[in-house]
Amino acid sequence: MTNDVISIVIPTYNREKKLKRAIQSVIEQSYKNWELIIVDNYSSDNTEALIENFKNNKIYFYKLNNNGAIAKSRNFGISKSSGHYICFLDSDDWWHKEKLNYVN
């Protein structure tokens, strides 16, 4: 396995309660060379505060009005990524702790 960075893009909108589990599943990955890019479509819940509470310098938070086109958020996340690989994780989903081992 190489030490290449894996970028994970999570588009989200008003998923504060489910997003926490998604983020936690990334943090708990056994493969540690990742960055998490969260693109929020201007949520009206406490999404931003939730992300700030993680206090993790590998988590990047952006706001983007995607006008209902989730692909716009994903493409924006790709443009902000620095990883050799890019993965997508939905904000209401989560990963097994070995997921990134299979990517790299």
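I began with Asn14, which counts as partly exposed because its relative accessibility is 29%. I take buried as under 20% relative accessible area, exposed as over 50% and partly exposed as in between, with a 1.4 Å probe and protein chains only. The model is predicted: local features need pLDDT of at least 70, side-chain atom pairs count only at pLDDT 80 or more, and totals for chains, interfaces and linings use all residues. Residues are numbered from 1 along each chain as its sequence is written, and side-chain values use heavy atoms, with hydrogens and water left out.

**Entry 1: Asn14.** I placed Asn14 in the loop between E1 and H1. I then read its phi, which is near 50 degrees, a positive value in a residue other than glycine. I noted for reference that most residues other than glycine have a negative phi.

**Entry 2: the whole chain.** I counted four helices and four strands, where helices (H or I, at least four residues) and strands (E, at least two) are DSSP runs numbered from the N terminus. From the N terminus on, I read the order as β-α-β-α-β-α-β-α. The radius of gyration of the chain is 13 Å, close to the 13 Å from the globule rule for 104 residues, so the chain is as compact as a globular protein of that length. That radius is taken over C-alpha atoms, and the rule is 2.2 Å times the number of residues to the power 0.38. The C-alpha trace spans about 40 × 25 × 20 Å along its principal axes.

I found that buried residues make up 38% of the 104 residues. Of the contacts (heavy atoms within 4.5 Å) between residues at least 6 apart in sequence, 75% join residues at least 24 apart.

**Entry 3: helix H2.** Which residues of H2 (residues 47-54) are buried? I listed Thr47, Leu50, Ile51 and Phe54. Seen down the axis of H2, these buried residues fall within an arc of 95 degrees, so they line one face of the helix; the arc is that of the directions from the helix axis to the C-beta atoms. An α-helix has 3.6 residues a turn, so residues three or four places apart point the same way. I next looked up what the buried residues of H2 pack against: strand E1 (6-12), helix H1 (16-27), strand E2 (34-40) and strand E3 (59-63).

**Entry 4: Lys55.** I found Lys55 following H2, in the loop between H2 and E3. Lys55 has a positive phi of about 45 degrees although it is not a glycine. Is Lys55 buried or exposed? Lys55 counts as exposed, because its relative accessibility is 70%. I also checked Lys55 against Glu16: the two are 39 residues apart in sequence and 16 Å apart in space, C-alpha to C-alpha.

**Entry 5: Asn56.** Asn56 is likewise in the loop between H2 and E3. I read 22% relative accessibility for Asn56, which therefore counts as partly exposed. Which residues does Asn56 contact, leaving aside its neighbours within four places in sequence? I recorded Ile27 and Trp34. Asn56 and Glu35 are 21 residues apart in sequence, and I noted 9.9 Å between them in space, C-alpha to C-alpha.
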